[in-house]
Amino acid sequence: APQMREYDLIRENWVPFIMFMQKPNHRSKIVNTDNHGFRLNNNNDENISSIFNYNMPKKIVIGNSIVFGVGSSKDSFTIPSLLSKKTNDIYLNFGGRAFSGFQEIILFNQFINKLKSLDEIIVISGINDLFLVNQSDNFNYFESLMYNKNRFINIMNKPKKNLASEFLDLLNYKNKKFNLPVSKNNKKDVLQNNIERNLYFWNLIKVALKVKIRFFLQPCATWCKSKLSLEEEKIFNELDKYHQGNKIQKFFSDQDHKTISHVYETNCKKYNIDYLDLNKYLTNFDEKINWLFVDRVHLTDVGYEKVAEIILN
């Protein structure tokens with residue numbers, strides 16, 4: 001999967017409220033972003049922001065890195081691009097790499113007044129909320145809402161090079177650092193509350209804008225594949241060896257899958273939002289000949305193609 005090198009090269013910009021966004025105007029044969037950091041559907045596509053005010057009906061696909069399309073070999077193999085090609089409708093890519101469900105909602109609200117003639121919102125998400133809740137036994141509530149919080153705190157704690165700060169350091173104030181209070185929380189309750197709040201927001205948006213909203217729980221290799229392809233087996237072994245894959249795996253157990261899917265299904269029903277667990281449908285493609293994942297949560301071109309087919313069907 002040589003395209004993954006390009007994804008490692010994409011930088012991010014600090015953006016108020018959502019913490020960060022992909023670097024704007026990135027250009028390559030594999031990944032291209034517009035002036036806001038949104039990924040383009042095709043290499044020669046115009047800026048997404050220029051499409052906002054088109055009077056023709058449009059749809060958005062919003063979510064984390066799976067919507068952005070990490071793992072695809074080029075822009076035209078992301079889910080929004082494939083949906084656009086298969087239907088001749090406009091599907092805009094509102095994917096934010098590593099975004100939580102809360103960050104996805106904030107991103108949407110930053111552009112809500114620009115989305116003219118919007119008729120459908122497709123949300124593909126879930127795993128980052130599970131990861132944020134499980135990454136530590138002691139965490140502040142905000143850690144379960146926003147990815148990159150630790151980087152923000154580190155920047156806030158960088159020494160300020162001025163006379164006043166140096167004087168305060170001399171008075172032993174240097175140990176008073178910016179931080180958020182830490183407390184123990186019931187992880188399952190935090191996950192439940194976060195998901196319910198996010199879906200409540202989407203329901204408010206659905207009613208106010210009179211748009212259809214569908215939620216899809218994103219796929220995870222350990223949730224939908226009983227057998228790995230030769231490529232997946234080789235890649236996962238490498239990831240486990242060099243990137244503490246086993247530590248990450250424990251966040252994505254079968255029990256985690258059952259829990260998070262049940263929470264989403266229950267709350268989607270409560271707020272009248274269509275729900276589908278993509279993992280249950282991708283099990284139809286778990287033969288060894290199907291190489292679907294470039295890592296446990298990101299897909300190949302074939303994987304994205306199959307997800308797009310499931311969404312349309």
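Ring pairs join F38, F94 and F111 into a cluster. Rings of Phe, Tyr and Trp (its six-membered ring) count as a pair if their centres lie within 6.5 Å, with planes under 30 degrees apart called stacked, over 60 edge-to-face and the rest tilted. The structure is a predicted model, in which local features need pLDDT of at least 70 and side-chain atom pairs count only at pLDDT 80 or more, while totals for chains, interfaces and linings use all residues. Residues are numbered from 1 along each chain as its sequence is written, and side-chain values use heavy atoms, leaving out hydrogens and water.

A pair of aromatic rings is described by the distance of the centres and the angle of the planes. In total, the structure holds 11 aromatic pairs. One of them is formed by F215 and Y264, whose centres are 4.4 Å apart and whose planes meet at 20°, so the pair is stacked. This pair links distant parts of the chain, with F215 in strand β8 (residues 212–217) and Y264 in helix α13 (residues 254–270), 49 residues apart. Helices here are DSSP runs (H or I) of at least four residues and strands are runs (E) of at least two, both numbered from the N terminus. F215 is buried, with a relative accessible area of 4%, and Y264 is buried too, at 3%. The term buried means under 20% relative accessible area, exposed means over 50%, and partly exposed lies in between (1.4 Å probe, protein chains only).

F215 also forms a stacked pair with Y275, at 6.2 Å centre to centre and 20° between the planes. Here again distant parts of the chain are linked, as F215 in strand β8 and Y275 in strand β9 (residues 274–277) are 60 residues apart. Both F215 and Y275 are buried.

The charged end of R39 sits over the ring of F68, 5.4 Å from its centre, and R296 lies over the face of F236, at 4.8 Å from the ring centre. A charge sits over a ring if NZ of Lys or CZ of Arg is within 6 Å of the ring centre and within 35 degrees of the ring normal.

Helix packing comes next. Two packed helices are described by the angle between their axes and the distance between the axes. The axes of helix α6 (residues 127–134) and helix α9 (residues 187–209) come within 10 Å and cross at roughly 145°. Axes are lines fitted to C-alpha atoms, for helices over the stretch in contact, and angles run from 0 to 180 degrees between N-to-C directions. On the α6 side, D129, L130, V133 and N134 meet K187, V190, L191, N194 and N198 of α9, where contact means heavy atoms within 4.5 Å. By class, this contact of α6 with α9 has 4 nonpolar, 3 polar and 2 charged residues.

Most residues other than glycine have a negative phi. M19, although not a glycine, has a positive phi of about 75°. M19 is found in strand β2 (residues 19–22) and is buried, at 11% relative accessibility. A98 is likewise not a glycine, yet has a positive phi of about 70°. A98 lies in the loop between β4 (91–95) and α5 (101–110) and counts as partly exposed, at 21% relative accessibility.

A98 is also among the residues touched by S65, which include V70, G96, R97, H298 and Y304, not counting residues up to four places away in sequence. S65 itself is found in helix α3 (residues 65–68) and is buried, at 10% relative accessibility.

Definitions and conventions:
Ala, Val, Leu, Ile, Met, Phe, Trp, Tyr, Cys and Pro count as nonpolar, Asp, Glu, Lys and Arg as charged, and the others, Gly among them, as polar.
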